[in-house]
Amino acid sequence: MNLDRQPFRFLFCPSGTSGDIHPYIAVGIELNNRGHEVLVLTNSLYEDIVEKHGLKFVPIGEPIELQQIRSESQIHNSHTSWKIAMKWGAIGTMYSAYEQIKSHYIEGRTVVGAPVWSLGARIARDALHVPLVSLIMNPFILRSTILPPITPGMYMPDWMPRWMKLEQYWFGDTFFVEPLIGKEVNAFRAELGLPRIRRYMNRWWFSPDRVLGLFHELYVPRPPDWPCQVQFVGHTLWDPAGDSDLNATVQHFLNSGSPPVCFVPGTVGPDSEAYYSIATEACRTLGLRGLILDKADPKLVGSLPSFMKQVNYSPLRDVLPKCRAIVHSGCMGTSAQALWAGLPHVVNPRVNDQPDLARRLERLGVAKTLRIRKFRREHLVEQLRSVLSDNNLKMRCDEVRKHVVAYPPAAVTIADCFEKQAAIGLSGD
């Protein structure tokens with residue numbers, strides 16, 4: 001029997017913002033084209049985009065609108081945002097994700113793909129023995145005492161002894177993570193006849209079957225004490241096609257003058273009015289044009305000068321090669337697209353994994369960081385002037401771009417990994 005030719009069923013359980021969902025759709029399209037069945041189990045917010053690309057949609061969790069996410073005050077605080085994310089993306093989908101996996105699971109023919117915070121998928125792996133592939137979008141969640149990530153509430157300088165760093169992880173697990181999710185997770189596991197677990201974020205939430213890192217080893221050197229074995233596959237760099245009329249408008253702006261600075265505030269961005277004012281005045285001071293990719297109040301957009309343009313959405317793959325720099329919040333998808341385009345970055349990190357990624361981009365030599373408390377016109381002008389005049393930084397951007405472009409297509413590589421995992425289940429190995 002040729003295992004590579006067998007059709008399988010793949011259940012994807014992504015959660016988060018669009019940047020968290022898009023890689024799963026890209027891989028789903030690739031697997032679908034190979035004749036497999038792909039079901040995407042996620043929030044109803046993404047039903048249209050999933051079905052538009054020929055994949056089957058299954059709703060899990062409570063319906064959440066983008067405005068609801070942005071209006072949650074705690075999501076903008078670096079010390080509380082992770083709690084909201086866990087409430088919505090982990091505990092909020094745990095029961096429904098498990099039930100849907102159980103309902104759609106065909107023994108020997110099914111593989112689940114999910115982020116590590118999909119607790120329902122991880123519990124299904126233990127209870128149903130369904131193969132699970134963990135997809136890690138950002139190395140932030142990979143703990144290390146050798147190259148520790150920047151984690152809110154933790155302080156781990158290079159000089160600190162390893163035992164002190166380990167104690168910080170233990171303290172965080174015991175007094176913050178356990179009270180947040182421990183009771184519900186272990187109560188659910190007890191219902192299923194599974195043993196109690198502790199320290200969920202330490203090692204347990206990584207699948208024992210396979211872990212894929214959707215990033216490049218170039219700016220994520222692998223320390224020997226990572227909690228799991230990660231296979232680097234790179235980012236899919238997938239964006240859905242935008243509205244044709246809107247794309248034409250964006251392309252007209254891009255082609256009608258000097259290359260602009262691209263501003264991407266992100267889903268958990270700052271106050272739009274203040275952000276637009278700072279971006280506009282910085283561009284005015286430096287004599288630059290600016291393109292803002294963000295959903296905003298039409299009244300606010302109407303007040304922008306002619307050298308500034310705002311659009312709700314346009315594929316970064318089409319926009320960034322025609323820009324001269326990018327200002328963004330430190331989301332992995334946006335960062336990956338900017339690396340592919342070879343652009344200098346000014347990173348304005350706010351919450352969760354963003355400060356860590358900003359530091360990694362700085363260490364890579366392609367970015368400058370502008371802390372949220374310093375996001376004012378004079379500081380943005382200073383950082384933009386710095387990255388645009390730094391020839392060494394520009395050369396480094398070109399070097400990194402050549403490496404990223406030469407990487408095998410990630411969606412194809414990831415689809416190959418899922419097929420291999422499915423073949424292992426079919427063969428019984």
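These notebook entries record what I looked up in a predicted model.

**Conventions.** I number residues from 1 along each chain as its sequence is written, and side-chain values use heavy atoms, with hydrogens and water left out. As the model is predicted, local features need pLDDT of at least 70 and side-chain atom pairs count only at pLDDT 80 or more, while totals for chains, interfaces and linings use all residues.

Entry 1: I looked up the strand order and found six strands in an open sheet, 10-9-8-11-12-13, with parallel pairing. Strands here are DSSP runs of E with at least two residues, helices are runs of H or I with at least four, and both are numbered from the N terminus; two strands pair if DSSP finds at least two bridges between them. Strand 10 (308–311) and strand 13 (367–369) each have a single partner strand, so one side of each has no neighbour in the sheet. Neighbouring strands are turned by 20° against each other on average, direction ignored.

Phe263 stands opposite Ile292 of strand 9.

**Entry 2: helices on the sheet.** Helix 12 (residues 332–341) touches strand 8, strand 11 (325–328) and strand 12 (345–347), and its direction makes about 170° with that of strand 11. Contact means heavy atoms within 4.5 Å. Angles run from 0 to 180 degrees between N-to-C directions, on axes fitted to C-alpha atoms, for helices over the stretch in contact. Helix 8 (residues 244–255) lies across strand 9 and strand 10, at about 160° to strand 10.

**Entry 3: strand 2.** I find five of the six residues of strand 2 (residues 37–42) buried, so the strand is largely enclosed by the rest of the structure. Buried means under 20% relative accessible area, exposed over 50%, and partly exposed in between, with a 1.4 Å probe and protein chains only. Strand 2 pairs with strand 1 (residues 9–12) in the parallel sense over four bridges, and Leu39 in strand 2 is the bridge partner of Leu11.

**Entry 4: positive phi.** I looked up two residues other than glycine. His129, with phi near 60°, is in the loop between helix 5 (119–128) and strand 5 (132–136); at 63% relative accessibility His129 is exposed. Leu237, with phi of about 55°, is in the loop between strand 7 (231–232) and helix 8; Leu237 is buried at 13%.
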